[in-house]
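Student: Could we go through this structure together, starting with what kind of model it is?
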Amino acid sequence: MAASNSEKGLIVSFGEMLIDFVPTESGVSLAEAPGFLKAPGGAPANVAIAVSRLGGRSAFVGKLGDDEFGHMLAGILRENGVADQGINFDTGARTALAFVTLRADGDREFMFYRNPSADMLLRPDELDLDLIRSAKVFHYGSISLIVEPCRSAHLKAMEVAKEAGAILSYDPNLREPLWPSNEEAKTQIMSIWDKAEIIKVSDVELEFLTGSNKVDDETAMSLWHPNLKLLLVTLGEKGCRYYAKTFRGSVDPFHVNAVDTTGAGDSFVGALLNKIAEDQSILEDEERLRKVLRFANACGAITTTKKGAIPALPTDAEVLSFLEGK
């Protein structure tokens with residue numbers, strides 16, 4: 001029997017939520033775009049909504065501007081069933097914006113407006129510690145490590161979640177233009193590396209963090225640390241690789257007609273964490289983990305078939321019908 005929603009483990013996502021402005025025309029530079037559509041985003045918020053869409057319980061912790069965009073984003077979280085008591089509003093700073101263009105090859109180019117934006121100003125004393133303590137899984141990225149006071153809030157939240165027995169899940173979600181330098185990005189991303197029990201990196205992030213141009217088992221395992229239960233390397237249209245304490249392997253992708261890759265990794269992470277929050281023993285059972293990763297790959301694939309991250313995140317029913325057709 002499936003657990004009812006109130007019995008399911010809570011997944012708390014920490015970090016940024018912002019608005020992506022996406023050109024109305026694909027394959028053009030930002031300067032050439034005739035117009036822009038606003039698309040809510042921010043990796044930790046996407047993961048929270050991905051979890052909720054798939055029938056899980058999630059909450060978001062972060063700070064938004066006390067402006068129309070900030071209240072709009074909080075409303076989107078609520079509409080998608082994400083608990084919002086961890087959200088703060090800043091009266092002195094705006095909600096972050098990003099202009100994102102999809103180049104003709106489907107990859108993305110970013111230009112950020114945040115100096116500083118509200119998410120960067122979250123202070124440790126503004127955290128809802130009871131909410132964080134109630135997390136079964138505590139998930140975060142690295143953008144919240146870039147500046148103070150948000151960095152201290154991030155470290156405090158991680159510590160509180162860990163002390164309360166949560167599984168720590170980390171997706172660095174590298175955005176090079178936001179960091180003062182690539183060296184600083186690498187140093188800060190790695191500064192909390194050995195705390196996380198689940199880490200997901202993309203092939204590009206693997207190369208960035210290891211300095212290797214090889215995406216192979218040896219390179220991936222150079223990022224392994226003793227606290228890790230699961231290391232995942234997502235390979236875009238090539239599926240994913242997984243590394244656990246006693247086994248490793250790869251799971252094939254699903255081939256779809258990709259329109260926009262935004263949010264695919266967040267959809268993958270949300271699907272995985274949802275299953276882990278339900279049953280942690282999956283992490284030690286390769287056969288069951290492979291099933292979960294196949295499901296997560298399907299979520300990622302479906303997300304690339306529509307524009308924008310949040311509108312494209314699938315429901316459980318959509319994923320099951322997609323898998324039945326395979």
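Predicted model: local features only at pLDDT ≥ 70, side-chain atom pairs only at ≥ 80, totals over all residues.

Student: OK, how many salt bridges does a search of the whole structure find?
Tutor: The search finds 15 salt bridges, where a salt bridge is a side-chain nitrogen of Lys or Arg within 4 Å of a carboxyl oxygen of Asp or Glu. One of them pairs Lys 8 with Glu 278, whose closest N and O atoms are 4.0 Å apart.

Student: Why does that pair tie together parts that are 270 residues apart in sequence?
Tutor: Because Lys 8 lies in the segment before strand S1 (10-14), whereas Glu 278 belongs to helix H8 (residues 264-278); helices (H or I, at least four residues) and strands (E, at least two) are DSSP runs, numbered from the N terminus.

Student: And is Lys 8 buried or exposed?
Tutor: Lys 8 is buried, with a relative accessible area of 15%, and Glu 278 is partly exposed at 46%. Buried means under 20% relative accessible area, exposed over 50%, and partly exposed in between (1.4 Å probe, protein chains only).

Student: Which residue does Asp 171 meet in a salt bridge?
Tutor: The side chain of Asp 171 meets that of Lys 200, at 3.5 Å from N to O. Asp 171 sits in the loop between strand S9 (167-170) and helix H5 (182-191) and Lys 200 in strand S10 (residues 198-202), so this pair joins parts that are 29 residues apart in sequence. Asp 171 counts as buried at 5% relative accessibility, and Lys 200 counts as buried at 8%.

Student: Which residues are linked in a network of salt bridges?
Tutor: The network links Lys 63, Asp 90, Arg 123, Asp 125 and Glu 126. Within that group, the side chains of Glu 126 and Arg 123 meet at 3.5 Å, N to O; Glu 126 is buried, with a relative accessible area of 18%, while Arg 123 is partly exposed at 36%.

Student: Switching topic, how many disulfides does the structure hold?
Tutor: The structure holds zero disulfides, a disulfide being a pair of cysteine sulfur atoms within 2.5 Å. For Cys 240, the nearest cysteine sulfur is that of Cys 299, which is 12 Å away, and Cys 240 counts as buried at 1% relative accessibility.

Student: What about the largest nonpolar core, how many residues has it?
Tutor: The largest nonpolar core has 43 residues, and those with the most contacts inside it are Phe 14, Phe 138, Tyr 140 and Tyr 170. Such a core is a set of buried Ala, Val, Leu, Ile, Met, Phe, Trp, Tyr and Cys residues joined through side-chain atoms within 4.5 Å. Helix H4 (residues 150-163) gives the most to this core, with five residues, and apart from it lies another core of 36 residues, including Val 251 and Phe 322.

Student: Last one: which residues of H2 are buried?
Tutor: The buried residues of H2 are Gly 70, Leu 73, Ala 74, Gly 75, Ile 76 and Leu 77. What covers these buried residues includes helix H1 (43-53) and strand S4 (57-65), and just after H2, Gly 81 takes a positive phi of about 80°.

Methods: Residues numbered from 1 in each chain as written. Heavy atoms only, no water. Contact = heavy atoms within 4.5 Å.
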